[in-house]
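Please keep the sequence and the model in view while reading.

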Amino acid sequence: HAKEQGGNSSHFFNSELQKIAKEGVLLEQALHLALARNEFALHYQPIVDTETGQLVGAEALLRWHSEQFGFVPPDRFIPIAEHSGLIHELGHWVIEEVCHQLNRWGESFTGSIAVNLSAHQLQYAGLAEQLMSVLNKHRIPVERISLEITETAMIQDANSAVSVVTDLKEAGFMLSIDDFGTGYSSLSYLTRFQLDKLKVDRCFVQKMTEQPQERLVTKAIVQLAKSLGMQIVAEGVETLEQKSALEALECDYLQGYLISKPLPANEFELFAKNLTRASLDECIARLPEA
Ligand code: C2E
Ligand code: MG
Ligand code: MG
Ligand code: MG
């Protein structure tokens, strides 16, 4: 066929596309089996108070170790889970696992856990009720869970998203806007939804120490959110220089590799214990040089 279709390059192109499409189908099949096979895990990335250096919470991040494909990053499988509708079941597994884990940690971690919601989950009218029934089953107070929503999620079918977000808010969940500044930012979303926290995307955190102009952009985002009564979390903090720049902007919370990578549940518990004994600066100083 290659010659008829115009030579080797198009043959190459078509077979590459076929390969990619085929891989997507195979990943989707594997993803359907992954829940039953227990191939998912959650890792927890610490979030600290900028001023006191104390651990206030963590973000739960999905990890998939596929028997067939090995480690597959969430940016790769979440879109497939969304496309195939599996995201609802997966999202249900995530909140179950978080509640279960909070009870397993008991007194060794009393902070809150941030759970990511996909745009598709926000289209499900029963979401707030579903989440609350999981929390009730495990006797987890709603204050211990915050939910992260992206800008893109609020734009897609905004009307039904608004009503689901309103239900979540009424149920008592803390809500954060995730990856702020990377989507189709319309500032009206900041007032249309009642959001408690704004997560400054890591691209702003990275650029702000490289160019003075960029620092002004980050500063403006922080000030705007503060004037709307929101708390600020900086994502992707990797260097001490970024940390001090964020301290200067009076950013409320820090999250990033400088503080810790996302950790399996047992390592997170150790991290929490260490941080009660030593200060954050001591913990950071002990990190091996990158
Ligand atoms: P996100 O919610 O914005 O999560 C932050 C991502 O940044 C995570 O990537 C985290 O590992 C990474 N990160 C944290 N600190 C640093 C840093 O200092 N430097 C760098 N370079 N990266 C850092 P991850 O775990 O690969 O997750 C990617 C995305 O997948 C998440 O972005 C989130 O949108 C989605 N995701 C992860 N878990 C879930 C889940 O349970 N449900 C849903 N719906 N989405 C999830
Ligand atoms: Mg997030
Ligand atoms: Mg984020
Ligand atoms: Mg992200």
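The magnesium ion (ligand 3) lies 3.8 Å from the magnesium ion (ligand 2), and Asp-178 coordinates both. This is a predicted model, in which local features need pLDDT of at least 70 and side-chain atom pairs count only at pLDDT 80 or more, while totals for chains, interfaces and linings use all residues. Residues are numbered from 1 along each chain as its sequence is written, chains are lettered from A and ligands numbered from 1 in the order in which they are written, and side-chain values use heavy atoms, with hydrogens and water left out.

Consider the magnesium ion (ligand 3). Its donors (N, O and S atoms within 2.8 Å of the metal, or 3.2 Å for Na, K and Ca; water is not among the atoms, so sites may look incomplete) come from Asp-178 (OD), Asp-179 (OD), Glu-235 (OE) and Glu-235 (OE), at 2.0 to 2.7 Å. Along the sequence, these donor residues are spaced D-D-x55-E. Asp-179 belongs to strand 6 (residues 174-180), whereas Glu-235 sits in the loop between strand 8 (231-234) and helix 10 (240-248), so the pair ties together parts that are 56 residues apart in sequence. Here helices (H or I, at least four residues) and strands (E, at least two) are DSSP runs, numbered from the N terminus. Asp-179 is partly exposed, at 24% relative accessibility, while Glu-235 is buried at 10%. In these terms, buried means under 20% relative accessible area, exposed over 50%, and partly exposed in between (1.4 Å probe, protein chains only).

The magnesium ion (ligand 2) is held by Glu-59 (OE), Asn-116 (OD1), Glu-148 (OE) and Asp-178 (OD), at 2.0 to 2.2 Å. The spacing of its donors along the chain is E-x56-N-x31-E-x29-D. Within this set, Asn-116 in strand 4 (residues 112-116) and Glu-148 in strand 5 (residues 145-150) link distant parts of the chain, 32 residues apart. Asn-116 is partly exposed, with a relative accessibility of 29%; Glu-148, at 2%, is buried.

How are the strands that carry these residues arranged? Strand 4 and strand 5 pair in the parallel sense over 4 bridges, where two strands pair if DSSP finds at least two bridges between them. Ala-114 stands opposite Ser-146 in strand 5. Strand 4 also pairs in the parallel sense with strand 2 (residues 55-66), again over 4 bridges, and Gly-57 stands opposite Ser-112 in strand 4. Together with helix 4 (residues 127-138), strand 4 and strand 5 make a right-handed β-α-β unit: with the strands pointing away from the viewer, the path from the first strand over the helix to the second runs clockwise.

Ligand 1 is surrounded by 23 residues, counted when one of their heavy atoms lies within 4 Å of it. The closest are Arg-63, Asn-116, Asp-179, Glu-238 and Tyr-257. An oxygen atom of ligand 1 is 2.8 Å from an N or O atom in the side chain of Arg-63, and an oxygen atom of ligand 1 is 2.9 Å from such an atom of Asp-179. A polar side-chain atom of Glu-235 lies 3.4 Å from an oxygen atom of ligand 1. Taken alone, ligand 1 exposes 810 Å², of which the protein buries 85%; accessible areas come from the Shrake-Rupley method with a 1.4 Å probe.

How values were computed
A polar contact is a pair of N or O atoms within 3.5 Å; within protein, one must be able to donate a hydrogen and the other to accept it, and residues adjacent in sequence count only if both atoms are side-chain atoms.
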